[in-house]
Each structure stands twice: as structure tokens, then as C-alpha cells.
Protein chains: 4
Amino acid sequence: MARIGFIGLGIMGLPMAVNLVRAGHDVTGFNRSPGRTARFAEQGGTAADSARAAVEGAEVVITMLPDSPDVDAVADDVLTAAGALWIDMSTIAPATARAVADRAHRSGLRALDAPVSGGEQGAVEGTLSVMVGGAADDVAAARPVLEVLGKTIVHVGPAGSGQTVKAANQLIVAGTIGLVAEALTLLRAQDVDLASAVEVLSGGLAGSAVLDRKATPMLTHEFTPGFRVDLHHKDLGIALGSAREAGVPLPLGAAVAQLMAAARTQGHGDLDHSALLLVLEQLAGLRKD
Amino acid sequence: MARIGFIGLGIMGLPMAVNLVRAGHDVTGFNRSPGRTARFAEQGGTAADSARAAVEGAEVVITMLPDSPDVDAVADDVLTAAGALWIDMSTIAPATARAVADRAHRSGLRALDAPVSGGEQGAVEGTLSVMVGGAADDVAAARPVLEVLGKTIVHVGPAGSGQTVKAANQLIVAGTIGLVAEALTLLRAQDVDLASAVEVLSGGLAGSAVLDRKATPMLTHEFTPGFRVDLHHKDLGIALGSAREAGVPLPLGAAVAQLMAAARTQGHGDLDHSALLLVLEQLAGLRKD
Amino acid sequence: MARIGFIGLGIMGLPMAVNLVRAGHDVTGFNRSPGRTARFAEQGGTAADSARAAVEGAEVVITMLPDSPDVDAVADDVLTAAGALWIDMSTIAPATARAVADRAHRSGLRALDAPVSGGEQGAVEGTLSVMVGGAADDVAAARPVLEVLGKTIVHVGPAGSGQTVKAANQLIVAGTIGLVAEALTLLRAQDVDLASAVEVLSGGLAGSAVLDRKATPMLTHEFTPGFRVDLHHKDLGIALGSAREAGVPLPLGAAVAQLMAAARTQGHGDLDHSALLLVLEQLAGLRKD
Amino acid sequence: MARIGFIGLGIMGLPMAVNLVRAGHDVTGFNRSPGRTARFAEQGGTAADSARAAVEGAEVVITMLPDSPDVDAVADDVLTAAGALWIDMSTIAPATARAVADRAHRSGLRALDAPVSGGEQGAVEGTLSVMVGGAADDVAAARPVLEVLGKTIVHVGPAGSGQTVKAANQLIVAGTIGLVAEALTLLRAQDVDLASAVEVLSGGLAGSAVLDRKATPMLTHEFTPGFRVDLHHKDLGIALGSAREAGVPLPLGAAVAQLMAAARTQGHGDLDHSALLLVLEQLAGLRKD
């Protein structure tokens with residue numbers, strides 16, 4: 001069993017760290033807001049009062065933080081854990097992930113970027129999908145730990161690749177939500193029976209996980225997250241920034257990013273991302289608020 | 001068993017008509033190019049030398065034609081079959097479908113619009129999905145015939161609704177192809193392992209029938225149809241025209257329609273619609289031809 | 001002086017026909033709603049009670065009608081005026097214009113498509129810009145008549161070309177309105193002084209006739225037409241349809257057409273086209289209605 | 001006359017600094033590549049061998065640098081000039097401009113953001129347009145210096161506003177180039193006479209400075225800059241980032257940014273921004289390279 005330092009005990013990080021404890025690992029956790037660290041201690045973890053304390057003596061460091069600047073902010077502390085394997089599971093910019101990996105190598109650490117999909121439920125149940133970028137040896141070393149957290153662990157390429165695949169994932173998901181929202185708005189405006197339409201659309205080439213899981217919130221207008229508009233807006237910023245850096249135009253990605261920005265600025269930031277439907281309905285004059 | 005007149009024995013229509021013959025129906029077929037009618041006769045059908053002859057005495061008339069003007073062109077002949085149930089299974093504009101239904105009712109016929117998805121394979125195997133618009137009684141009357149042709153028969157609303165759902169289907173499918181193409185182009189430009197990326201994307205909320213069935217042609221650049229770019233371009237014209245008529249803006253639909261138009265005008269009209277990837281790769285400077 | 005039949009005495013057509021009378025031409029006018037024909041007679045024109053009567057004996061026929069189907073609807077009557085020069089000044093689809101010209105030639109008429117820009121004011125003052133498609137000889141023959149109506153008469157190519165240029169004009173104008181609306185919304189959200197910003201933007205490469213003439217309605221939210229959203233929506237349909245036919249993708253044109261469709265479906269159809277700003281402000285959460 | 005420190009003697013900065021010398025100011029210049037500093041000395045300026053030396057004792061500091069990080073990089077040096085008025089004329093992100101102004105105020109300097117339009121020619125001739133953000137008093141103090149450099153000096157709001165207006169300017173310019181490129185591609189595909197079409201388009205509501213100055217390079221395919229694609233790509237990144245921060249969706253801005261990114265990634269980065277036409281022509285299948 002490994003000695004693990006875990007930084008970031010939020011909605012995703014806390015259940016992940018707890019799963020590692022339950023799997024028999026020796027996990028020391030830290031979160032900026034101390035209440036979360038205390039909750040971790042209540043569930044069997046060891047509490048640290050700083051990031052540096054959390055990583056002291058760690059063989060593996062896991063970070064699960066909101067955004068690129070948060071990862072940058074703890075990097076100096078993490079890099080004190082010379083010899084450790086740093087697995088950053090935050091969703092951040094691929095360029096930041098590559099820069100972090102470079103710094104880690106120069107400080108004598110190994111590093112992987114390993115963002116996840118599957119949401120809070122996947123974190124609690126240990127069924128996340130993990131997209132891993134880095135060296136094959138390091139992925140092999142990390143696998144026993146990652147398999148506690150997720151059911152699908154895929155090595156997708158060198159440093160930064162995990163983040164690029166996550167960016168692609170968020171691009172496809174947002175776009176598919178947007179397409180389903182456009183389709184439902186068209187169908188609604190034409191007095192089609194929406195539930196029947198969703199049934200037949202789901203069974204063919206138009207079928208998708210988005211249609212399976214998000215049609216119900218869209219038909220009922222119950223947008224309890226799930227995954228929040230604000231976070232998806234952030235992730236589309238990463239995807240478009242990454243494409244910009246790579247010289248890849250994204251006509252559809254850029255268009256759906258404007259719709260997600262509209263959802264956010266119109267006050268739907270805390271709703272499930274399927275609330276993108278509200279923007280389309282408003283564009284079509286079907287609602288006023 | 002019903003006396004059926006079947007007009008349009010193309011790639012889709014011929015196997016559909018043959019399936020009706022095999023199910024024991026008395027089917028008289030007609031196609032504008034007589035070779036197709038002859039092939040139908042070889043497979044047990046009765047050949048007619050005009051649309052009017054095909055529908056004479058028919059209880060059910062099925063039309064399976066390329067586009068709105070083709071349906072308009074045979075309407076006068078079909079309307080001579082007073083008392084019949086006309087099932088138009090072509091993919092045409094919802095407005096045309098509604099106009100056809102009105103004319104049918106005034107001529108003493110019942111009418112349904114019943115476009116399909118599932119492609120040539122679905123037509124051959126009798127496993128199409130059928131989206132039916134019209135009166136509930138007429139759908140009930142048509143069901144025994146439709147169940148020979150498809151495995152999913154869904155009544156989605158009044159006249160024209162079947163076409164609107166088909167338009168929504170084609171909007172979502174084209175858009176999803178576009179999103180997957182953008183994602184793959186981004187991944188390729190960043191040296192990610194594409195097959196691994198597709199594996200992990202498929203398992204989560206980014207998963208779709210498009211990703212399941214079209215990732216392989218996209219990764220191998222083998223764009224054997226399947227469903228041709230030219231036809232999808234036509235269908236996006238229907239979707240956008242229908243949205244225009246309904247007062248529904250489609251930001252993503254309009255964007256992907258430009259990409260499909262580019263695929264066509266760049267000479268990829270006869271390739272599978274997943275060849276939309278070629279347009280994205282060219283935009284990204286990854287290919288020159 | 002010419003014997004002229006003039007069909008379509010609307011907001012544009014009536015002052016144009018009156019200007020021809022004042023220039024000494026012998027003008028017989030017809031409008032479907034007879035009140036307009038009566039007003040023309042009050043201003044010195046000769047009233048006809050049918051399109052056919054209006055064109056009887058005419059050397060020149062001018063049509064100024066709302067849309068392609070309206071031109072189609074009077075074509076049979078106009079074509080009775082064998083030997084005449086038919087100048088269609090309506091804004092219609094280039095494909096319809098070419099078809100009309102073909103029919104005219106087969107019936108022994110010459111034909112030009114000659115749509116205009118410059119609005120009601122240009123029609124009243126005789127200062128329209130006229131974009132003429134057709135044969136050079138016919139343009140030369142039409143010039144004395146057209147110079148009564150406009151100050152800029154440009155022969156832009158063969159039949160249909162006038163309409164294509166008009167479509168391009170409407171594409172650029174709508175797009176520029178959309179860009180200015182986006183810019184003003186961005187500036188407003190950032191507490192920039194809008195009048196000063198417009199001043200400096202107007203003086204450089206961002207300057208345009210749209211910025212010169214439409215910034216004031218946008219800053220004051222006084223959207224008295226001018227040119228109505230509904231008409232511009234129609235014209236963008238022509239532009240996109242023409243591009244579709246020509247195999248030309250229009251990424252920006254398609255995007256702005258969705259915004260114009262939103263303006264219309266949100267109830268702004270009778271406002272000046274600069275009311276596109278309202279759609280952008282709503283997208284940005286700056287207004288609720 | 002003022003004692004001025006001038007940092008950044010590039011294509012724009014050098015002629016601006018020389019104009020200040022010629023107007024009688026005491027200007028000490030610095031550029032990272034010393035050849036440019038030497039050229040400034042040859043034209044009457046005082047050469048400094050560091051940014052800190054250039055600003056020593058200065059009443060006014062002007063920075064004219066390529067991008068936000070460059071301004072950040074010299075900030076520590078500029079801030080040693082306590083009491084000075086720092087006029088940053090670079091085109092950078094509004095958020096960076098606000099942060100720079102905050103730092104300046106804390107260090108006892110006054111600060112303005114004052115980006116320009118008008119290009120190299122405007123810099124040489126002293127006819128730039130200058131968009132100034134900051135306090136009114138500081139703008140008044142800067143005016144005598146700015147009037148040497150530009151003919152239009154407009155105070156558009158508080159700190160950062162100059163950059164926001166510049167971002168809006170670049171958004172409108174890129175979008176207008178894109179619209180003109182789409183229009184010309186449509187016209188070319190339809191065999192319209194392009195020069196005649198440009199003439200008539202220029203005279204009406206479709207007219208713009210872009211059409212006046214960029215139609216010729218577009219018609220001749222001679223894309224000598226002018227303003228380079230690479231720089232406009234950078235500026236669109238600023239505009240979209242600023243809109244993102246302000247919660248303003250930019251559907252057209254985002255669409256044209258993808259086209260500009262395509263122009264760059266396809267290898268046209270060093271051409272004039274009107275080379276955006278090449279992307280549209282390629283999308284329309286009119287060219288292969």
C-alpha cells in the first residue's frame with residue numbers, strides 16, 4: 001500500500017481520497033478550506049494543515065483542484081516531495097499540464113495528468129473514467145492507485161494528452177447538448193410529441209449518452225446538477241484555448257461556447273449543463289425570462 | 001394481406017418492397033428507371049409501367065422517393081387511388097408533407113408521413129426506425145405494413161411530424177459527426193493516441209452512436225458510404241428550412257450545414273458523411289487536397 | 001419617352017413609378033391592393049385594373065414585388081407583352097431571376113434583373129443604387145429609364161447577377177449590423193463610454209456605413225425602420241439559398257441569419273434591422289424582455 | 001517639452017518615438033534587440049541600454065510592445081519611475097491593462113491604456129487613432145504628447161477601456177473582412193463581374209473602410225501587409241477573452257476567429273489579414289493549396 005498525499009478535498013476529491021483510504025492506502029489530505037479536511041479525517045484519512053505537510057514523505061501525490069491557477073499555486077509545495085509520482089487529476093489546460101510535468105521532472109518527481117469523467121457519482125462509486133497522459137512506466141506505476149478510483153484507466157499519450165482528451169470530451173458533450181437542445185426546440189415549435197421523438201431519436205444514429213441522460217431534464221425543465229454550466233463554461237475555455245494553441249479551428253466548438261457563455265451570463269451557472277436548452281428556447285422566443 | 005402500390009424502387013425502396021412481398025402482401029411496384037422495376041419483378045413483385053398503374057386498386061400506397069419535388073411529381077397519380085392509405089416514407093420537407101396530406105384528404109385518401117432511419121442495411125433486414133406523422137387511426141391501420149419494414153414504429157404527432165423528427169435526427173447526426181471530427185482533429189494535432197482516446201470518449205457522456213460507428217472510418221480515412229454527404233447536405237437544407245419556417249434559430253445546425261456544404265463542394269459528395277472530417281482537417285492545415 | 005407598365009406600387013414601387021411619370025414617361029401602374037393604384041393615379045399615373053392591362057402595349061415593364069412567388073405570379077401576364085423589355089427590380093432569388101429571364105426570352109421579351117438598395121428615401125429621391133444583371137444591350141436600352149430611379153446604375157453580369165449582388169449586399173449589411181451589435185454589447189458590459197467609442201471606431205478600418213447610420217438607433221434603442229427585420233430575414237434566406245445552390249459555404253452569413261431569425265421570432269420583425277442588437281443584449285443577459 | 005522614456009522601438013514604436021523627438025521632446029528609447037535602439041539614436045533619439053535606464057527621470061513613459069506578457073515583463077522597470085505618467089500604447093488584454101494601472105497607482109505613477117489604430121503608415125505620419133482609458137486628468141496631461149502621434153485622440157472610459165475599444169475594433173475589422181470575403185466568394189462562384197459588384201456594394205449600406213481598402217488585395221490576391229494575419233489572430237484572442245470575462249457571447253466574433261485561426265494554421269500568418277479570403281475560397285472548393 002502506498003503513502004499518498006492528497007490535495008483538494010472538494011465534491012470530487014473527498015470521495016476519491018476516502019476510496020483510497022478504504023482500499024488500504026495511507027492517505028494524508030489537505031484542503032484550503034479546513035472544514036473539508038476535517039470531514040476527510042472523520043472518514044479515516046489523516047489531516048494535514050498545509051499542502052506541504054500533506055506531501056511530506058509521500059510516494060504518490062494526487063491533486064484534484066478546480067482550475068489551472070490552483071494547480072500552479074500548490075506546485076512549489078508538491079515539488080518538495082522529491083522522488084514522488086505526482087498525479088494531477090484536475091481538469092486544467094494541456095499547456096499547464098505540460099509545464100507542470102516539466103517542472104516536476106526537473107525537481108526529481110515523475111508526473112502524470114489524469115483528468116476524469118463520470119462526475120460526483122463516479123467519484124463516490126470509484127467508477128470514474130481516467131484519461132492519462134505521461135510516460136508508460138509512470139502510468140504502470142500509477143495504475144494500482146488509479147484502479148481504486150476508476151473503472152476505465154486509459155493511457156492516451158505523452159504529458160498533457162490526458163488533458164487534451166478531457167478537453168475533447170467536454171467539447172463533444174457540450175456540443176451534443178447544444179444539438180439536442182436545438183432539435184428539441186425545433187420539435188417543440190412544431191407541436192411534435194417530444195417523448196415519442198426522443199424515443200425514436202435515441203434508437204438510431206442520433207443516439208448518444210447525452211440523449212439518454214439529459215433528455216429527461218430537458219423535457220421536464222428540472223436542471224439539478226449533474227455538471228454545472230459554470231464548470232462546463234470553464235472547460236470550454238480550456239478546449240478553445242488548447243485548439244488555439246494547436247492551430248485547430250473549431251467552428252462548432254466556438255459556436256457552442258457562445259451558447260454556454262450565454263447560459264452562464266443569463267444566470268444559469270449553477271444549473272446542470274443541459275440548461276443550455278434555456279438559451280435556445282429564449283433565442284426562439286419560446287420564453288422571456 | 002394488403003394490396004400495396006409501391007413507387008420508388010431505389011437503394012432503400014427495392015428491399016423494402018421485397019420484404020413486403022415476402023411477408024405475403026400483394027405488391028405492385030413502379031420505378032422511373034425501368035431496370036429497377038424489372039429487378040423487383042425478379043424478386044416476386046408485380047411490375048407496373050406507370051405510377052398510376054401501380055396504385056390502381058391499392059389499399060395502401062407507399063412512396064419512397066429522393067426529394068420533395070419527386071413526391072410532388074407523383075402526387076396526381078397517387079391521388080387517383082381514392083380510399084387508399086398513402087404512406088410517404090421519403091425524407092422531404094415537413095411543409096411539403098403537410099401539403100401532401102391536405103391534398104390527400106381532399107381527394108378522399110388518408111395520408112401519413114413516415115420517413116425512416118437505419119440505412120440500406122435496415123431496409124434489407126426490415127429493421128428500420130420509422131417516425132410517423134398523421135392521425136392515430138391511420139397509424140394503427142398502417143402498423144401491420146410498417147412492422148414488416150421496421151423494428152421501431154413511433155407515432156410522433158400530426159401530419160408533417162414524422163418529417164420534422166427526421167429533420168431533427170439529421171441535424172443531430174450531422175452535428176455529432178462535426179463535433180467528433182473537431183475533437184479528432186484537435187487530438188491528432190496534439191499527438192494524442194487516437195484509438196485510446198476514442199475508447200475513453202466512447203465510455204462516458206461523450207459517447208454516441210456516431211462515435212461507435214463512425215470513428216473507424218474517421219481514423220482510417222475509409223469513407224465508403226453508409227450515408228452520402230450529398231444526401232445529408234440535402235437533409236440539412238430541409239432541417240434549416242423547417243426551422244426557418246418555424247421561427248427557430250439553429251446556431252449549431254447552421255454552422256454544421258456550412259461544413260457539410262464545404263464537403264460537398266470540395267468533391268466529397270459521394271463519400272460517407274463522416275468525410276466531414278476532411279473539411280476540418282483542411283481548415284486545420286493538416287491536408288492540402 | 002417610353003410607354004411603361006409598372007406592377008407593384010408599394011412603399012418602394014409607388015415613388016419610383018411617380019418619378020418616372022414626372023420624368024415624362026407614359027406609365028400605367030397596377031397594384032394588387034387597389035388603394036395603391038388609386039394613389040398612383042392621383043399623382044399623375046394611369047391606373048390599370050390588372051397586371052395584364054398594365055403591360056398592354058408597353059415597351060418597358062417594371063416589376064417591384066415583395067418576393068420570388070409574387071414575381072412568378074405575374075409572369076404569365078407580363079409575358080403577354082411580346083417585344084417589351086422586362087426590368088424586374090424586386091429582390092428575389094437569383095435562380096428565380098434566371099428562370100424568369102429564360103421564360104421571357106422564349107416569349108420574345110428581353111429581361112433584366114435590377115434590384116436596388118437605398119431604401120424608401122432613395123426611391124423617393126431617385127437616388128437608388130441599381131445592380132443590373134442581363135445582356136449589355138438590354139442594360140444600355142434600360143439605362144435612360146433606370147437613371148430616373150437611381151444615381152448609381154451598375155451592370156454586374158449576366159442574368160441573375162443583379163440578384164446575386166443584392167444577396168451579397170444583404171449578407172454584408174446584416175453581418176456588419178451583427179458585428180457592431182456584438183461590439184457595442186461588449187463595450188456596454190465593460191462600462192466604456194459608447195458615444196466616444198463609436199466616434200473612434202468610425203474613423204478607422206472598423207468604419208462603415210452601418211456604423212455611420214445605425215449606431216444612433218443602437219445607442220438610443222429607437223428602432224424605427226428603415227429596413228425591417230422581417231425583410232432582412234427574407235433576404236438572408238435568399239442569400240443562403242443562393243450560396244447553397246452555388247456550393248459556397250457562408251460561416252458568418254449562416255451565423256448572422258440565425259440571429260436575424262431570432263430577432264424576428266422574438267417579435268422584432270417590424271423594427272429596423274439594427275434591432276438585431278436586442279438579440280445580442282438578451283444573449284448577454286443585459287435584458288429580459 | 002517633456003522628458004519621455006520610450007520602450008519598444010518596433011515597426012510602430014520607432015516612427016512614433018522619432019515623431020516625438022521631432023516635436024521637440026527629450027526622448028530616451030530602449031528596445032530589446034539593440035539594432036532598433038541604434039536606429040533610434042541615428043534619428044535623433046537618446047539610446048538607453050535597459051528599460052530601467054530609459055525611464056530614469058522620465059515625466060512620461062510610453063510602452064509599445066507586442067503582447068500582454070511583454071508589458072508585464074517591463075512593468076517592474078517602468079514602476080521605478082515614481083511620479084511619471086505611464087502611457088501603454090500596446091494592444092493587450094483589458095484585464096492586463098487594468099492590473100497594470102493598479103500596480104502603477106500603488107507605485108505612485110499615473111497610468112493610461114492608449115492602444116492605436118492606423119498601422120505603420122499612421123505611425124510614420126502621426127495620424128494614428130488613439131483610444132484612451134484612464135482618469136480624465138491623466139488624459140488631459142497626456143494629450144500634448146498623444147497629439148504628436150495621432151490625429152484622433154478619444155477618451156473612452158476608465159482604465160482598460162482603451163483596450164476594450166481596441167478589441168471591439170479588431171472584432172469588427174476581422175468580421176467585416178470575413179463578410180466581404182464570403183460575399184466575394186459567392187459572387188465569384190456565380191460569375192458576377194467582381195469589380196462592378198464592389199463598386200455598387202461600396203456605395204450603399206454595405207460600404208465600409210474594409211471594402212474601400214481591402215477589396216483590391218482580395219481581387220488581385222496580392223496580400224502584402226498591411227496588418228498581418230498572425231497579429232489579428234492574437235487580437236481576436238484578446239477580444240474573445242475579454243468577452244468571456246465580461247460574460248458577453250460573440251457568435252460572429254467566435255466564428256470569424258476560427259477562420260482567422262485557419263488562415264494562420266494554413267500558413268498565411270505573414271500575409272495581410274485580408275488573406276482570410278483564401279480560407280473561404282478553399283472552403284468553397286475554389287482552390288486546393
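Across the interface of chain C and chain B in this predicted model, six residue pairs are in polar contact, both residues of each pair being at pLDDT 80 or more. The count of salt bridges between chain C and chain B is zero.

**Interface of chain C and chain B: extent**

- Chain C contributes 14 residues to the contact, and chain B likewise contributes 14 residues.
- About 1100 Å² is buried between chain C and chain B, and carbon and sulfur atoms account for 54% of that area.
- On the chain C side, the residues that lose the most area to chain B are C:Arg244, C:Pro249 and C:Gln258, which together make up 50% of what that side buries.

**Interface of chain C and chain B: the chain C side**

- Polar contacts link six residue pairs across this interface, while salt bridges between the two chains number zero.
- Two helices of chain C, α11 (229–246) and α12 (251–268), are the elements that give two or more residues to the side touching chain B.
- Of the elements on that side, α12(C) gives the most, with six residues.
- Sorted by class, the side of chain C that touches chain B holds seven nonpolar, five polar and two charged residues.

**Relation of chain A and chain B**

- Chain A is superposed on chain B by a rotation of 180 degrees with 0.0 Å of shift along the axis, at an RMSD of 0.1 Å.
- This is therefore the relation of a two-fold axis.
- Within chain A, the C-alpha nearest the axis belongs to A:Ser208 and lies 1.9 Å from that axis.
- The copies meet through the same surface, because 100% of the interface residues of chain A are also interface residues in chain B.

**Annotated spans of chain A**

- An unreviewed UniProt entry lists residues 3–157 of chain A as "domain: 6-phosphogluconate dehydrogenase NADP-binding".
- In the model, residues 3–157 of chain A are 45% helix and 26% strand, and the end C-alpha atoms of this span lie 26 Å apart.
- The UniProt entry, also unreviewed for this feature, places "domain: 3-hydroxyisobutyrate dehydrogenase-like NAD-binding" at residues 160–279 of chain A.
- Residues 160–279 of chain A are 75% helix and 0% strand, with the end C-alpha atoms of the span 33 Å apart.

Conventions
Residues numbered from 1 in each chain as written. Chains lettered and ligands numbered in written order. Predicted model: local features only at pLDDT ≥ 70, side-chain atom pairs only at ≥ 80, totals over all residues. Heavy atoms only, no water. Contact = heavy atoms within 4.5 Å. Buried area = accessible area lost by both parts, 1.4 Å probe. Salt bridge = Lys/Arg side-chain N within 4 Å of Asp/Glu carboxyl O. Polar contact = N/O pair within 3.5 Å; in protein donor to acceptor, adjacent residues only side chain to side chain. Helix = DSSP H or I, 4+ residues; strand = E, 2+ residues; numbered from the N terminus. Nonpolar A, V, L, I, M, F, W, Y, C, P; charged D, E, K, R; others polar. Least-squares fit on C-alpha atoms with pLDDT ≥ 70 in both. UniProt positions renumbered as here; feature names shortened; annotations may be inferred.
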